[in-house]
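Let's take a walk through this model together, from a strand on the inside out to the parts that face the surroundings. Keep the 3D view open as you read.

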Amino acid sequence: MRNLTLLLLCGLFSASVSAADAVSGATAKAPASSVMPENVDAVTSASVVPAAHRQTVKPNGFTKSDKKKVLFVVGDPRHESVEWDLVNTAMAHFMKKGLEVELRDLYEIGFSPVLPRESFFHAKDGFGKAPEDVAREQPYVAAADYIVFAYPNWHDSPNAIVKGYMERVFSKQFAYRDTEKGLEGLLKDKAIYTIFNAGWIGQGRGDVGDGIGKSDAIWDRYLNAYKVVDDDTADFWGAKNLGRFANDQTPANLSKNYDKEIEALRADLRKKLDKVFGL
Ligand SMILES: Cc1cc2nc3c(=O)[nH]c(=O)nc-3n(C[C@H](O)[C@H](O)[C@H](O)COP(=O)(O)O)c2cc1C
């Protein structure tokens, strides 16, 4: 009897923490294979926006104007993903509303996310000169009013390349400093926001409170957990956290209604940006 109860409990536990990819909306479960399939885009469990529906958006770049400036820090190797579609949608929307947009595509520029020993004390204490690649990034952050971090959900935190950008670029004496009263954030006039496509975090779309009536308690639990982390990250830098646009309603890659579904997702993002950024 005890064994039976244990078995039942194990079953329940594995169901409630079922792997995100196994239930991701993007495709049916991908078959396991020890060789790379030739038609990987057709069989992957990752999202693939069909070629006919992809968009390419060119950022207008920062100038010396007094227009609000949005810096996108993007960590996603696949430009055909829904994550990139959200980035393109958001960049286009900000530009349409008269803001300036700058993009740091971290895979494209080959950003190294590892904080090595040689520059550890620069990041930790602000000692010495910033490494060249960090010195190249900091002016983008300094010029921005809004910093949008964009990455797919890979094990529930900023993915490595974006996390490394935070660790290396937001160094002491640049993003925060010691004072008699403790740490002081130096990015006071700025706000951060996150755009985040996910495999399974409760099937909602948006932020806390934006569940769609299916697994709202789980959705809010996840989004509240991210909020704790985002609030603290922003606070450390003296900035404001404007929240997240998380999506757990990815159209199935082969959906017959793909055009309608991707347009609905884009519209939801635009609506959220209007509200959060007062566009
Ligand atoms: C290494 C890895 C880890 C992942 N871990 C999670 C996870 O913890 N939670 C989740 O919701 N999805 C997880 N996923 C699934 C992705 O979030 C999902 O595939 C989503 O569609 C990613 O967005 P994209 O397809 O637009 O890149 C993971 C995917 C990868 C590649």
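Helices (H or I, at least four residues) and strands (E, at least two) are DSSP runs, numbered from the N terminus. Before going further, please note that this is a predicted model, in which local features need pLDDT of at least 70 and side-chain atom pairs count only at pLDDT 80 or more, while totals for chains, interfaces and linings use all residues. Residues are numbered from 1 along each chain as its sequence is written.

What does β8 pair with? Two strands pair if DSSP finds at least two bridges between them. Strand β6 (residues 191–197) runs parallel to β8 and is joined to it by six bridges; Ala191, for instance, has Lys240 of β8 as its bridge partner. Strand β7 (residues 205–206) pairs with β8 in the antiparallel sense, over two bridges, and there Arg205 is partnered by Asn247.

Next comes helix α9 (residues 258–277). Buried in α9 are Ile262, Leu265, Leu269, Lys272, Leu273 and Phe277. They cover an arc of only 105 degrees around the axis, which puts them on the same side of α9; the arc is that of the directions from the helix axis to the C-beta atoms. The background is simple: an α-helix has 3.6 residues a turn, so residues three or four places apart point the same way. The buried residues of α9 pack against α4, β7 and β8, whereas the face turned away from them carries the exposed residues Lys260, Ala267, Asp274 and Lys275. After α9 comes Gly278, with a positive phi near 60 degrees.

Setting aside neighbours within four places in sequence, Ala90 is in contact (C-beta atoms, placed from the backbone, within 7 Å) with Val148, Ile195, Leu269 and Leu273.

For a contrast, look at Ala217 in helix α8 (residues 216–236). Ala217 counts as exposed because it has 8 C-beta neighbours inside 10 Å.

Key:
Two residues are in contact if their C-beta atoms, placed from the backbone, lie within 7 Å. A residue is buried if 20 or more other C-beta atoms lie within 10 Å of its own, exposed if 12 or fewer, and partly exposed in between; C-beta atoms are placed from the backbone.
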